[in-house]
Amino acid sequence: MALNVRERTHGRARVLARAISVGIVLGASTALAQPPATTCDAAGIGRAMLEADGPPVSILSVETGTAGSVSYCLVKVLVPEAINIWVGLPMNGAWNGRWQSVGGGVYAGSVAAPNQALAAGYAAATTDTGHTGGQSGNPFAAALDGSFGMLEPGKPNTQLQIDFAYRSLHLMAVIGKQLVEAFYGQGPTYSYWNGCSTGGRQGLRMAQDYPGDYDGILAGAPAIHWDRFQAAMLWHPIVQQRDNGGPIGGGAPNVLVAKERLATTTAVAACDALDGVTDGVLADPRECAYRASEDRTITTAQCAPADATCLTAGEASAIDKMWQGPVACSRRDAPGTCDVPDVASRNLDSRSRKRLWYGSPRGTDLTPLGGAMPFPVAIEQTRYWVYFDPAWDWGGLDYSNYLSFFKDTVAQVGPLMATDNPNLAPFRDAGGKLVLWHGWSDQLIIATGTIDYYERVARELGGYERTQEFARLFMAPGVMHCAGGNGPQPQGLFEAVVDWVEQGRAPDRILASKAIDGGTQTRPLCPYPAQARWTGEGSSDAAANFTCEASDR
């Protein structure tokens, strides 16, 4: 069964016409009583003739599985060089007529059945993005292994880099929609991307490069500016080494955590009331200018590195610079600190003082990036994507050469991996809808970077109002990387994308909630740049008592 490449990427108008012609009316959870056009075995769907972008495509196996109450057919596909794509197809009338590509995490490097999407009735896929993690002896999870980016010392593995950056992601839609057509006898009526972290970056890359692949995209905590934010991850260990002579607390894990937590909780307490509600969460941490080095209640001359109840001057200086973020200063400035614009510079060659990237917002757990050792992803990128040297050691970085290192990273990694093209006009013009969201307390990917990107999109496309016609950003106070934290957790994000695409209802609010003593706290998340403000009447634990108001920034 050969499928024409152009036929598999459905134009939205043609798909809608097809849906009407066969009497399909889709609701939020409607399943199609559509019997498969073929069987779930090697003799059925296993014989589908699939087309990709040139190299022959192989179906490795066909098997059945169950996700929740949904039985599905799992088709495992290999696209050369080494892209594994697993496509799940709900059976027994459980298919809801839709397609969902599910994003990965960090460097991916593994693949599994998309069970959550399948349980909701979606035909869906995941991919390992073209490589298997764990090849560098990395003691962490396979997803943290970036060694595939290097073919040999001094030489990039360009093909695997391309497969990871975008090719495998596009092919999920290409291959998946062909299999849907072959299995059900019709293509999906709507197609969606759902991802967070690397998955968020992947979704945005599809909007930027393949605007016809998806009708709706949910991109959470997107790892865009892949080059810059990973280079910035090394700022945290550098400032500890240069200002404090080594890790905070002498590197003792419990002491380091306690000291950084002390600075964080004190900063939140100092700024908590700025948003009108004292609740232990900062609505917009950019409004908080607290400096640990100026607070004599926690930073004292008598404090010892082993004392978890206070900060030394060097520790406080390092923490202030973690909040400040990486900068390039003149020789007349104190090392690693100077007055710079709020917005990161795109021009790294100018001789002026400049912000290179953003710091951890106050209220964020500093330990993951500010621990005794650098976060491993930043080391992997530098070794295998920047200098192609497995022996590269971060310990040689200091304030005098950090700008050069940052520029090397942007030049080497940015063109392929940055995923920061603000021109989303083709996606908009194709009818696509995009929901971005990011937790303000993201401890791994600095949330301010997502605001940076969204503001560039708005400038490119004529302002916030016009941008919000198809793309909206929601910032979640107190929420960590993709989930967790002491802030109310966003609810129904993916459902909001589906509703926007299929019913035309743009999300004016996203409800966030968390359990508290005696009940549940709810808050609205507002489309950026608006912020939720308590009216001053009724409980501040009820979303109904908040309005979305323009930010003062």
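1. A residue is called buried under 20% relative accessible area, exposed over 50%, and partly exposed in between. Because Cys482 has a relative accessible area of 25%, it is partly exposed. The model is a predicted one, and the values below should be read with that in mind.

2. The partner of Cys482 is Cys196, the two forming a disulfide with their sulfur atoms 2.1 Å apart. This pair links distant parts of the chain, with Cys196 in strand 8 (residues 190-196) and Cys482 in the loop between strand 13 and strand 14 (489-490), 286 residues apart. Cys196 is likewise partly exposed, with a relative accessible area of 21%. The torsion about the S-S bond is about -105 degrees, so the disulfide of Cys196 and Cys482 is left-handed.

3. The disulfides come to six by count. If the bonded cysteines of the protein are numbered in sequence order, the pairing reads 1-2, 3-10, 4-5, 6-7, 8-9, 11-12.

4. Cys40 and Cys73 make up one of the disulfides, with 2.1 Å between their sulfur atoms. Cys40 lies in the loop between helix 2 (12-21) and strand 1 (58-67), whereas Cys73 lies in strand 2, so the pair ties together parts that are 33 residues apart in sequence. The link has 90 degrees about the S-S bond and is right-handed, and both Cys40 and Cys73 are buried.

5. A further disulfide joins Cys526 to Cys548, at an S to S distance of 2.1 Å. Since Cys526 is in the loop between strand 16 and strand 17 and Cys548 is in strand 18 (residues 546-550), the pair ties together parts that are 22 residues apart in sequence. The torsion about this S-S bond is about -80 degrees, so the link of Cys526 and Cys548 is left-handed.

6. Tyr528 and Pro529 are joined by a cis peptide bond, with omega about 15 degrees. Another cis peptide bond runs from Pro80 to Glu81, with omega near 10 degrees, and Glu81 belongs to the loop between strand 2 (70-79) and strand 3 (83-90).

7. Four cavities of 30 Å³ or more are present in the structure, and the largest cavity holds about 340 Å³ of space. It is lined by 27 residues, of which Ala283, Met475, Pro477, Pro524 and Ala532 are the closest to its centre. Strand 13 (471-476), strand 16 (519-525) and strand 17 (530-534) each supply at least two lining residues, and strand 17 gives the largest share, five residues. By class, the lining of the largest cavity comprises 20 nonpolar, one polar and six charged residues.

8. Helix 6 (residues 226-233) is mostly covered, with eight of its eight residues buried. Its buried residues, which include Trp226, Arg228 and Phe229, pack against helix 4 (158-184), helix 5 (198-209), helix 7 (235-244), helix 10 (376-386) and helix 11 (402-417).

9. Thr129, in the loop between strand 5 (123-127) and strand 6 (150-152), has a positive phi of about 65 degrees and, at 1% relative accessibility, counts as buried. Phe388, in the loop between helix 10 and helix 11, has a positive phi near 50 degrees and is buried, with a relative accessible area of 8%.

Technical notes. Residues are numbered from 1 along each chain as its sequence is written. This is a predicted model: local features need pLDDT of at least 70, side-chain atom pairs count only at pLDDT 80 or more; totals for chains, interfaces and linings use all residues. Side-chain values use heavy atoms; hydrogens and water are left out. On a 1 Å grid over the protein atoms alone, a cavity is a set of points where a 1.4 Å probe fits but cannot get out, and a pocket is an open set with protein on both sides within 12 Å along at least five of seven lines; lining residues have an atom within 4 Å of a point. Grid points are joined across faces, edges and corners, and a volume is the space filled by probe spheres set on the points. Helices (H or I, at least four residues) and strands (E, at least two) are DSSP runs, numbered from the N terminus. Ala, Val, Leu, Ile, Met, Phe, Trp, Tyr, Cys and Pro count as nonpolar, Asp, Glu, Lys and Arg as charged, and the others, Gly among them, as polar. Buried means under 20% relative accessible area, exposed over 50%, partly exposed in between (1.4 Å probe, protein chains only). Contact means heavy atoms within 4.5 Å. A disulfide is a pair of cysteine sulfur atoms within 2.5 Å.
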